[in-house]
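Work through the exercises below with the coordinates open. Each task is followed by a worked solution.

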Amino acid sequence: MNFKKVLKGGLAAMIAMSMVACSSNDGGSSSTDDGSLKIGMIGPLEGDTSVYGIAVKNGTDMAIKDYNEKNGKNVKLIAYDSKGDSTEATNAYNKLVEEDKVAAIVGAVLSGESTTVGTASQASGIPIITPSGTAAAVTQTGPNVFRGCYTDAYQAKIAGEFAAEELGAATAAILYNTSDDYSKGLTENFTAAFEAKGGKVLVTEGYVSGDVDFNTQLTKIAGANADVLFVPNYYKDDALICKQAKALGIKSTVIGGDGWDGVLSVVENAADVEGAIFVNHYSPDDETVKELTDRYSETYGVDANAFAVLAYDTTMCLLQAIDEAGSTDSAAIVEKLQGISFDGVLGHMEFDENGDPIKSLSYITIKDGQYATYSK
Amino acid sequence: MKKRYQALSFWKKTAVNLTAVLVVYAAIMGLSAVGIVNKYYMGILLSTCINIILVVSLNVTTGFLGQLTLGHAGFMAVGAYSAAFLSKNLSGLPDALVFILALMVGGIVAMIFGVIVGVPTLRLKGDYLAIITLAFGEVIKNVLLNLDIVGGASGYIGIPRYSNFSWAYWLAVLTVGATMALINSRQGRAIISVREDEIAAEASGIDTKRFKILAFVFAAFFAGVAGGLYGHYMGILEPKTFKFDKSIEILVMVVLGGMGSIRGSVIAAIILTVLPELLRSVASLRTLMYAIALIAMMLFKYDPNLVKMTAKVKNKFRKAGKSA
Amino acid sequence: MLQFLMQLINGLNSGSIYALIALGYTMVYGIAKLINFAHGDIIMVGAYVCFLCLTTWKLPLAAAIAISIVACTLLGIVIEKVAYKPLRNASRISLLITAIGISYLLQSSFQLIFTANPKPFPTIISLPALTIGGISIAATYYITFLVSVILMVALHLFVQKTKTGKAMRAVSEDAGAAQLMGININKTISITFGIGSALAAVAGILYCASYPMVTPYIGSLPGIKAFIAAVLGGIGSIPGAVLGAFILGLVEALTKAYLSSRMSDAIVFIVLIVMLVFKPSGILGKNVKEKV
């Protein structure tokens, strides 16, 4: 019975493998087959983080379409779902490299899976660029891994100094998502920067992903009466936090990171977030960005957010590097990326020796229910 | 052929099994060497082996002991994190040795948690046991989220990537072998007797408490080893991987393979690890199709009407085949 | 002191929502002996239907609520007939897995229909806040609390006094004997699912009134919390579900306020574990002796 079982198991595995081979044959041709270049994308396309993954996929898709139109080329996008899970991301990565023979990968979307993909890519050295993975570990995995967004450390430091110097705040309170490395990273770096400038963080409260009721934590924060309330989370939670904070009468100035982008699309009443200030990649007055986001809404039926715009610029930068390299050789593309000077929708971008971007940032505030560039 | 196999002595059977296992291994490695089985497939095979270990071990508590436990991911988590902790902090020894030590530590720590979970829950049964194991799993995950020494929410990074297909395959073989040995032993029969009728077993003089703990500890050990394998494959560990959904994922494989069937567990693990990869071409419909497939499989297996219907259809084919 | 009272009120608020959801869980468990993991997702369906009525079809609030309740009731009954009834005599685990399949089915299909982008839910409660002795209680708080309590009382009366209610109790006590006494099991179970789902719809709408954001995944966390509440209070007992829910809400709030907001989830689960170890049937549950 056991002999049969083992053989059956092996047979099942073989059959399964051949089925996988058959199903992926349509996408498995090498990149020289019809002369078209293939770019891979990995991110959560299903599940509760899929709103970010789909935004990145759409942004990448739009960039490739624009590039093809402008240059008369035929670059193809192959996007695989990771569900935000490291194992799925690794499988997706392997499939893109082994089966689909992509030249480069835009991915992943979340920090954890980006680090996994970066680690997995060390064997092949294929260029990887994540538009949204913010943890420091991501680009530390190797010289072929780049990122298009700020590191947590960088933007939180800026936010901390901004609060102390520009806003003249002496005290701060923080409400952050303890189960998300983005929020955690921002909180740690903000606290360090703010206190280095002489500020004092009075109270730090946490919640976990999925929570929607912050009244308990905010009641404590209201009692502390800090000058500034730092809310370094993604826009879904930020909208609810602000609503509840206002209801509790919290008067502190609310500041946040780039995860805030898109917050106006999820608030019922813009007054809830009036006066909040956050760090972002682009200024809302920027005509080129506006044109892009309008086109995005038309094409994909949903509003654009920072993930989509970042993915667009990151992909354009990648395509420029591939152009400059003149081939699909991984080492050549990586070299070009390292030295690239890219001007995109989000302004000028270069990479430092870690693969982290050097680019400008803006301070956005919500004024009269609209995004506006912050001014004193 | 089956009858001839059954008639073999125990040692001859073991020899046949081992040969079969070796043949499969050699075949896969051979195909990999010539490039037919590339890294993508090897990755899937590795994941499959890890899942086989998880499913077979869960079957010990759920299928053989008959107690629904929803916290298997918790054991996997503590095993993964302790194994990673050891291999990151141990230096000066050859890689293979470090890996073996790490996996053992992972298994042992998971075993300790098996005792921690098993002892207070001895009196509980059925749904209450399920709920309390769910709670334990969640507590473990939440504590890991807040434990900064292993990275917390930022993840535990920089784990040396020792895992490869060979390790996973042979550990899976070991798990299956150990489980078969347990089930066919005296202890195994005692465990099964608890499932069949606990009061009668107790009345017959079997120390049901001891065997419940044994089952828990056995299952936890291998879950811990699987966790260690997983951590050293990914290179990074995040607490969110080990949430309730993961326990459910493994439980689904156990149920579909058949509770108390080791062979079923292996086959279910293979099919359900490969299935999501097969469905990649319909990315946005994957979960939907998985859900429909799951519901359909359960209905076809357990709905008396559908079972009758499928039996009728099968009979028709058999008759048609005979008369043709 | 003021802070303490405010935190208590916060706890009661989350407790009210858990209570509405827990009622559905406990009823279905008591009668069909099924942990309906898809229950949390019915909340999500209720929220989306109401959202659709209010924004796309621009219906008045009363109509939107009514349609949402009807839709969820029908959905609950259909799910029971299609997926749970055929497996009624199968093992508990297979029912559990099927329920999980239904949960994934609901989540993935709603993501396909509505996308994963969070949708802002229109404000439906615009009453003024109540101020008692320096504490301001938002309208959403007292409305949610009132609705929960009224529905709990109504349900309790229904189960105790009406014929259908008595039938439900009989089936939960001993389905075989109930059938022998002439009670239509199928109808009773369908009604139970229907009522549970209707309550879930109300819970979904109130949930979005307080936390105005809808995604296909809003049901899972409250679902699990409500399930814990039902178990704490004694699964199968209606007053128990409500008691468990309020205790859970309070424990959560006070833990976050005075112990650690980071560890509150872990502490809540530990409370559950302690309760189950010492009194597995829950606070108001009955201790069923096992007979040989």
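**Exercise 1.** With which residue does Asp294(A) form a salt bridge, and how far apart are the closest N and O atoms?

Solution. First, the ground rules. This is a predicted model: local features need pLDDT of at least 70, side-chain atom pairs count only at pLDDT 80 or more, and totals for chains, interfaces and linings use all residues. Residues are numbered from 1 along each chain as its sequence is written, chains are lettered from A and ligands numbered from 1 in the order written, and side-chain values use heavy atoms, leaving out hydrogens and water.

Step 1: apply the criterion. A salt bridge is a side-chain nitrogen of Lys or Arg within 4 Å of a carboxyl oxygen of Asp or Glu. The partner of Asp294(A) is Lys290(A), with the closest N and O atoms 3.9 Å apart.

Step 2: locate the pair. Both residues lie in helix 10 (residues 287-300) of chain A, four residues apart, about one turn of the helix. Helices (H or I, at least four residues) and strands (E, at least two) are DSSP runs, numbered from the N terminus. An α-helix has 3.6 residues a turn, so residues three or four places apart point the same way.

Step 3: check exposure. Buried means under 20% relative accessible area, exposed over 50%, and partly exposed in between (1.4 Å probe, protein chains only). Asp294(A) is partly exposed at 42%, and Lys290(A) is partly exposed at 40%.

**Exercise 2.** Which parts of chain A does the salt bridge of Lys73(A) and Asp323(A) link?

Solution. Step 1: the closest N and O atoms of Lys73(A) and Asp323(A) are 3.4 Å apart. Step 2: Lys73(A) sits in the loop between helix 2 and strand 2 (76-81), Asp323(A) in helix 11 (residues 306-325), 250 residues apart. Step 3: Lys73(A) is partly exposed at 43% relative accessible area, and Asp323(A) is partly exposed at 38%.

**Exercise 3.** Are Lys225(C) and Asp265(C) buried or exposed?

Solution. Step 1: these two form a salt bridge, closest N and O atoms 3.9 Å apart. Step 2: Lys225(C) belongs to helix 9 (residues 220-233) of chain C and Asp265(C) to helix 11 (residues 264-278), 40 residues apart. Step 3: both are buried.

**Exercise 4.** Why does the end-to-end distance of helix 9 of chain A agree with its length?

Solution. Step 1: the expected span is 1.5 Å times one less than the number of residues. Step 2: the 13 residues (235-247) should therefore span 18 Å, and the end C-alpha atoms are 18 Å apart. Step 3: look at the cover. Ten of the 13 residues are buried, among them Tyr235(A), Leu240(A) and Cys242(A). Contact means heavy atoms within 4.5 Å. The covering elements include helix 2 (50-71) and strand 6 (171-177) of chain A, together with strand 4 (213-214) of chain C. Step 4: just after the helix, Gly249(A) takes a positive phi of about 80°.

**Exercise 5.** How many helices and strands are there in chain C?

Solution. Step 1: chain C has eleven helices and four strands. Step 2: its radius of gyration, taken over C-alpha atoms, is 19 Å, close to the 19 Å of the globule rule for 292 residues, so chain C is as compact as a globular protein of that length. The rule is 2.2 Å times the number of residues to the power 0.38. Step 3: the C-alpha trace spans about 60 × 50 × 35 Å along its principal axes. Step 4: buried residues make up 59% of the 292.
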